[in-house]
Amino acid sequence: MPHTQLSFWLAEALAAEQPAEPTPLQGQHDADVCIVGGGFTGLWCAIQLKQAQPELRVLVLEKGLCGGGASGRNGGCLLTWSAKYPSLCKQFGEAQAAWLVRTSEQAVHEIARFCEAHGIAAELRVEGTCYTATSEAQRGAMAPIMARLDEAGLNRWQPIAAQDLAGQCGSAAHLEGVFSPHAGSVQPALLVRGLLRVARTLGVAVYEQSPMLRLDAGQPARVQTPAGSVSAGKVVLAMNSAMVEHFREFRRAIVLVSSDMVITEPAPEALVAQGMDHGRSTVDGRTFVYYARSTPAGRLMLGKGGNTFAFANRHLASFDEPSRYLAPLTRALHRFFPALKDVPIAASWCGASDRSVDGLPFFGHWRRQPNIVYGLGYSGNGVAQSWIGGRILAAMVRDDEWQEDIPWRECALVGGPRGYFPPEPVRWLGAMLVRSAIRRKERAEDAGLPVRWLDKRLARLADAAGKADK
């Protein structure tokens, strides 16, 4: 497996696209809106702005290639916030929690409709997701969540009958599971490159290989790049984890941690034998979950979050390299999917996930500047949610008379960080302590052994990191 800075997804997408060499920004440019970041959030924002107001001059700056960051490095699982409903209620109240659940489910279908309407061949399959238990300790975790959703009339989850479990989830390692149809899988780099094409077709100016060097507030604001600059009435900062490199105030608002993945060579017959020849994603009940999905070409991808934590939130070189967890990920893939044990691993990669204190993104005005907005903190669950993020940011920069923008501009995710991690070195040392406790806890649970009391207590500090409430 060659060492490369491209994720498997982006290498595959670029090979199919054969794009021209990117032209970096040069000289002085003027724009109504300058968006810094050409991933999902930035491109969705640009597209939504141009669709609503075609006359707007929208310009996007991307430091590398669109899809080179988290948008092209994730697992491609389209998931929602429905399994976080109890904690959403506790934090934001029932009305806003219900809005966030419904909107996250809507996002899955809006993305699918957009791809169909614009001919984006992103291998998007809205075939649902299975949340499962892979140890006795994980059994029953979804039951109280489904009960709360039932009470609110929001429950789209269905229990999977025991006799259907292996067939639905693709593995006999799952002990129980629930299914939601409002989810699926996508080749994320194909999606982001498709969004890039549509954005340019709509008249958005996108400059790759054009990193922001400096942001000067004012009216207009000014964004400086190595060979040029942009003066803009409004600026959108959609850089996600890269925000901490530029702005100190966000360094305690998120934690950079890797999510690591492996993918097999094509083996469609083995997928059929395993029962994974479908577009559903499968997520287990750990805090740092295992997630898996197949591809239409017959590959199987498996990933796991919560691995490498960056001291002082530095963007580590290893975040852009093949995964250092290749061996344990491969063992996990073979354990869950034994029909693929003889199928070679084609590639491994990882990426930086920007985890917030509560596991949800946050949006706000940078340093109280009315014309500069930002969003980050998707916490490893942003493929569908970035559509929401783009809509929120578009609403925040548009004029107040747009009535349809009010629910987005005033939603509970707007208002800046909702919590902060301790300063270094306490944050990193604490992360290592909690991660070690979680690993010991999960090893004990997998083996059916008692879990130490202290490991249970420490592991609970990371409950917000899971895909479902604990």
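Reply: Strands β10 (residues 221-224) and β11 run antiparallel, joined by 4 bridges. This is a predicted model in which local features need pLDDT of at least 70, side-chain atom pairs count only at pLDDT 80 or more, and totals for chains, interfaces and linings use all residues. Residues are numbered from 1 along each chain as its sequence is written, and side-chain values use heavy atoms, leaving out hydrogens and water.

Me: What makes β10 and β11 a pair?

Reply: Two strands (E runs of at least two residues in DSSP, numbered from the N terminus) pair if DSSP finds at least two bridges between them. β10 and β11 have 4 bridges, so they pair. V223 has V230 as its bridge partner in β11.

Me: How do you know that β11 is mostly covered?

Reply: Of the 10 residues in β11 (228-237), 8 are buried, where buried means under 20% relative accessible area, exposed over 50%, and partly exposed in between (1.4 Å probe, protein chains only).

Me: Why is the contact of D446 with R286 called a salt bridge?

Reply: The term requires a side-chain nitrogen of Lys or Arg within 4 Å of a carboxyl oxygen of Asp or Glu. For D446 and R286 the closest N and O atoms are 3.1 Å apart, so the pair qualifies.

Me: Why is R286 called buried?

Reply: R286 has a relative accessible area of 4%, so it falls below the cut-off. D446, at 36%, is partly exposed.
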